[in-house]
Structure formats: structure tokens, C-alpha cells
Amino acid sequence: MALLRFVNGFTYLKDMETYFEQSYLSIQYHSISMPYYSLSNLLDSLGRKTDKVNRFQELLIKESSHQLVFDGHVIRSSSHENDLSENGNKFPVLKDQQMNVLMAYDIQTNCPLLSKIYEGGKLDKNSIQDLIKEVELQNVLFIVDRGFYSEKNIDLFSQNGNKYIIPLSPNLKEYKEATKMMELNQVFAYEHSKKKNVIHYELAIEKENTNIFVFKDLSQSILEQNDYLKNLEQGKKGFTIERFNELKEYFEVIAIQTNYKDKAGQEIYGLYKKRWKIETFFNYFKNNIDIDALHLNDYYMTVGLSFIMLIVGMIHHEFENKMKEKQIQGRTIDDILKEGRFVKINKYRGKWDLANIKKDRRENMSKLNVDFSKVSEL
């Protein structure tokens, strides 16, 4: 099911059997059929009986770098009968109810490790408490955004040898305390996507188990100030010179709290900035797999689908790694998949044979270890 969705994008359960019968999979796995009732039972079982799913995810974490970014992603739900469908924080944009998928992603290997769908009205900082209960997490680094901050979560992120890196909201007293006397007497260059930014920082608060660093991206701060002044000149609502003078020193300033005591400020900043990788992963689901809306009515089937989403992400990760390994440049995964769809097999006199396979197409596919000789053995 995950492989068919990886190749074809979002596919309704009722259409899955048709895609399966048109694919090589139906010949290789001829004892399998994929009618709607079988698939719905599978998703229900995955969502209802989670022990095996949780053990599988724990194995992924055990084999990971243990440096994990956790984040949530909103999916519009057009099925209001589903117990997971609720009005959430994206209602003004979606104009509909939503569900929230919470995922964990390895920032070193770029592989997804955990996935579960929660109620649309439930905050990520509450959902992660449920996720931590279901899956054993030891000696893991939690890299999360400020929306996950709560005293209970900080305690959970600190148990079982775990570490955390979390930015603080400007509304928190810890942020105000850390930034009220900014000296930012240390500096380093942060390089990302062939760009270098100058970062000024300081260790603002040091406690027995916690450090709070304050960072300021000087280049981006100047750009943000200029943008504010342009909006002010254009007379846009809410932009005033008084407000500018109040905020200008805090543009592009972040305060990061961590219990990773043996890491310097530059390392903490670099680890936190790697959380953008999960946003790229979410964009893949939204734009490539088209999972930006769900129509399932059943609670357990929807929870089961979140596990299938995890497997789709793992397949994408492996495919991407293979393309890098084989140094396939200038072409996307979509390019390769479209080329693969051109290849057909026909049955003639009791044997399967290839059709519509050009020399360059054969060569390109063979780089990805596609062995066409196996077709004749079917």
C-alpha cells in the first residue's frame, strides 16, 4: 500500500486494487489481492492493535542517530464524522476541520521514525506526551519548536538520559530574563545552503541542569528591520515608529533552552537549525503525495494510515539515498518514477516479456538496481 502511494501519490482505498492489478507487484505477489475491505481491515488493525507498530518504531529509533526533531503537521479533514476531525488553529486558513499528524525525524539520516495522527484541536505539546508514553525513548535528543514548551514536557524531555533543545517564546519570563541585558559578546559564522550568516551570541543563563543561550542573526536582523520600515512607509496597519523602536533590538533574536550541558553555543544553534529538514519532509507529503486532506470517517483506520505514511516516507528516504549513491544528477524522484511507468510487460505464450523499454531507459533504471531479467522468470 505504501509503495503504491509512493509511486502514484494519494490514492483512495477503493482505487488501490486497480493500481495494484496494473503494477508489477500483482505479478510478483500473485497470492495477494487488495480489495477495499481487506485494506480497511488492515488499517483498522494497525490503528487498533499498536504493539507491533510501536515495537517497529522503537527499532527505528534504536538504529537512528538519536538526534530527533519532533513537529506537527496539519491535514484538512473533510469528514466531520471522524472522531479526530476538529476545529483547530488552522481553521481560518482551511475553512474546515483538521487533524494533526505528529512525526519524529532523524536530522542526521533524514529518515522519518515516528508517526501518529491526533485530534485537530489537540496542541502538539499535549500530543507529544501521548507519543512518548507509547514508544520508549532513551538517550534521545529532542529538537522541538517553542510550541512544545511546558514544564511537564521539559521534565519528560529530561528523563531516561534524554536531552532537549527548545526555543523560548518571547512571552515567557525565562526569555525576558535572558534577553534583558543582551551582551552577545561571542560570534561565529553559520553556513547553510552555501550561505554564511554572522551569528552573535552569549550564554545568558547557566543553571545546574539548564543553559539558555541567546542568538542574534545580524544580517537577517537588518533585513527584517528594513522590511518593517517599508511597511511603515506604506502605511500598513499595526506598523508604528514607536513599535519599531521597541522591537528593533529583538529582530532575529532567539533564546534557546537546553540541558545539553556539554555542547557549546555554536553546536546548539547548528542542531536547532537542522529542524528545517522536517518541514521539507512535510512539503513532500503535501505536494508530492498530495496528503493535504483526508476523507476517512473511521478513527482507527486514520491512525493506521499514519503508519502507512511513515512507511511511504521511509521508501522515499531509501530511494533518495540510492539516487545520491548512484550519482544520478539533474533528475528528480518524480522523473525516475515517470520513466518507470513507461516500461510495460506483456504475457505472450505463457511468459512475461518487456515492452516499451528503450536502451537509455534500461540503462537509467539499471543504475537503480532494477533487474529486468527477472521478468522472464515470472
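At what angle do helix H4 and helix H14 pack? Keep that question in mind while you look at the structure. One caution before the answer: this is a predicted model.

Let's start with that pair. H4 covers residues 36–48, and H14 covers residues 299–325. They pack at an angle of about 85 degrees. Their axes are 6 Å apart. Angles of 65 to 115 degrees count as roughly perpendicular. H4 and H14 are therefore roughly perpendicular to each other.

Who makes the contact? From H4, we have Tyr36, Ser40, Leu43, Asp44, Leu46, Gly47 and Arg48. From H14, we have Tyr300, Met301, Val303, Gly304, Leu305, Phe307 and Ile308. Now sort the residues of this H4 and H14 contact by type. Nine are nonpolar, three are polar and two are charged.

Stay with H14. It has another partner, H5. How do H5 and H14 cross? Their axes come within 12 Å, and the angle is roughly 30 degrees. Angles under 35 degrees count as roughly parallel. So H5 is roughly parallel to H14. The crossing of these two helices is left-handed.

Look at the side H5 brings: Val53, Phe56, Gln57 and Leu60. H14 answers with Phe307, Leu310, Ile311 and Met314. Seven residues of the H5 and H14 contact are nonpolar, one is polar and none is charged. Notice Phe307.

Helix H15 spans residues 333–342, and helix H16 spans residues 359–366. The H15 and H16 axes come within 11 Å and cross at roughly 125 degrees. That makes H15 oblique to H16. The crossing of H15 past H16 is left-handed.

The contact uses Ile336, Glu339, Gly340 and Phe342 from H15. On the H16 side, Arg361, Asn364 and Met365 take part. By type, the H15 and H16 contact has three nonpolar, two polar and two charged residues.

Next topic: empty space. Rolling a probe the size of a water molecule over the atoms shows where empty space is left.

How many cavities of 30 Å³ or more does the structure hold? One. The volume of the largest cavity is about 90 Å³. Its lining has 14 residues. Nearest the centre are Thr50, Val53, Ser115, Lys116 and Val303.

The largest share, four residues, comes from H14. As for types, the cavity lining has five nonpolar, seven polar and two charged residues.

Now the pockets. The largest pocket has a volume of about 1400 Å³. It is lined by 34 residues. Val7, Tyr24, Gly340, Met365 and Val370 lie nearest the centre of that pocket. Gly340 and Met365 are also in the contact between H15 and H16.

Several elements supply at least two residues each to the lining of the largest pocket: helices H1, H2 and H3, then H14, H15 and strand S11. H1 gives the largest share, five residues.

Last stop: the second largest pocket. It holds about 550 Å³ of space. Its lining counts 25 residues, and Gly72, His73, Val74, Asn89 and Lys90 are the closest to the centre. Strand S1, helix H6, strand S2, H7 and helix H13 each supply at least two lining residues. S1 contributes the largest share, six residues.

To close, back to H14. H14 packs with H4 at about 85 degrees. H14 crosses H5 at roughly 30 degrees. And H14 gives the largest share of the lining of the largest cavity. Find that helix in the structure, and take the tour again from there.

Note on methods
Residues are numbered from 1 along each chain as its sequence is written. This is a predicted model: local features need pLDDT of at least 70, side-chain atom pairs count only at pLDDT 80 or more; totals for chains, interfaces and linings use all residues. Side-chain values use heavy atoms; hydrogens and water are left out. Axes are lines fitted to C-alpha atoms, for helices over the stretch in contact, and angles run from 0 to 180 degrees between N-to-C directions. Angles under 35 degrees count as roughly parallel, over 145 as roughly antiparallel, 65 to 115 as roughly perpendicular and the rest as oblique. Contact means heavy atoms within 4.5 Å. Ala, Val, Leu, Ile, Met, Phe, Trp, Tyr, Cys and Pro count as nonpolar, Asp, Glu, Lys and Arg as charged, and the others, Gly among them, as polar. A crossing is left-handed if the near helix is turned anticlockwise from the far one by less than a right angle, and right-handed if clockwise. On a 1 Å grid over the protein atoms alone, a cavity is a set of points where a 1.4 Å probe fits but cannot get out, and a pocket is an open set with protein on both sides within 12 Å along at least five of seven lines; lining residues have an atom within 4 Å of a point. Grid points are joined across faces, edges and corners, and a volume is the space filled by probe spheres set on the points.
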